[in-house]
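Please look over the protein chain shown here. The briefing below describes its overall fold, its cores and one of its helices.

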Amino acid sequence: MRVIVTGGGAVGRHLAQDLTTRGHEVTLVEQNRSLAEKLSGWAPGTRVVYGDACEPRVLDSAEMGSADVVVAATGDDEDNLVTSLLAKQEFGVPRVLARVNHPKNEWLFNEQWGVDASVSPPHILT
């Protein structure tokens, strides 16, 4: 399966590494240049693309149009929503998952925004 993960923080790194070791083709998109450079050597087999996942040209360079799944896992809800919407509507990705960082925003993460399923760690913990 071809998976694109946005956000190279702890959650994105873990997902990318886990999915790569399970044999999936994973691309990780990170907007912090120094972090993207570090991640390039961190997870062998995971492709790292530097850029803002809210920009269609960056998603195009990550080959989002051929992805089976996109996981919007940044620490910013607005970025995760924009990425989800672009993945579903502009690139036709069949399955889009998104991380919800602030429980008050959970109501936004629905099919209208291109999200098939969302995960809210704070909500789960409470």
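Predicted model: local features only at pLDDT ≥ 70, side-chain atom pairs only at ≥ 80, totals over all residues.

Residues are numbered from 1 along each chain as its sequence is written, and side-chain values use heavy atoms, with hydrogens and water left out.

**Overall fold**

- The protein chain has 5 helices and 6 strands; helices (H or I, at least four residues) and strands (E, at least two) are DSSP runs, numbered from the N terminus.
- Starting at the N terminus, the order of elements is β-α-β-α-β-α-β-α-β-β-α.
- The chain is as compact as a globular protein of its length, because its radius of gyration is 13 Å, close to the 14 Å that the globule rule gives for 126 residues. The radius is taken over C-alpha atoms, and the rule is 2.2 Å times the number of residues to the power 0.38.
- The C-alpha trace spans about 35 × 30 × 25 Å along its principal axes.

**Burial and cores**

- Of the 126 residues in the protein chain, 44% are buried, meaning under 20% relative accessible area (1.4 Å probe, protein chains only).
- The largest nonpolar core has 15 residues, and Ile4, Val29, Leu59, Met64, Val70, Ala87 and Val93 have the most contacts inside it. H3 and H4 are the elements that give two or more residues to this core.
- A nonpolar core is a set of buried Ala, Val, Leu, Ile, Met, Phe, Trp, Tyr and Cys residues joined through side-chain atoms within 4.5 Å.
- Leaving aside residues up to four places away in sequence, Leu59 touches Ala53, Met64, Leu86 and Phe91; a contact means heavy atoms within 4.5 Å.
- There is also a second, separate core of 12 residues, which includes Val3, Ala36, Val69 and Ala73.

**Helix H4**

- Helix H4 covers residues 77-90, 14 residues in total, and reaches 19 Å from its first C-alpha to its last, close to the 20 Å expected at 1.5 Å a residue. The expected span is 1.5 Å times one less than the number of residues.
- Asp77, Asn80, Leu81, Thr83, Ser84, Leu86 and Ala87 are the buried residues of H4. These buried residues pack against strand S1 (2-6), helix H3 (56-61), strand S4 (69-72) and strand S5 (95-99).
- At the start of H4, a side-chain oxygen of Asp76 comes to within 3.2 Å of the backbone nitrogen of Glu78.

How values were computed. Buried < 20%, exposed > 50% of the residue type's maximum accessible area, 1.4 Å probe, protein only. Polar contact = N/O pair within 3.5 Å; in protein donor to acceptor, adjacent residues only side chain to side chain.
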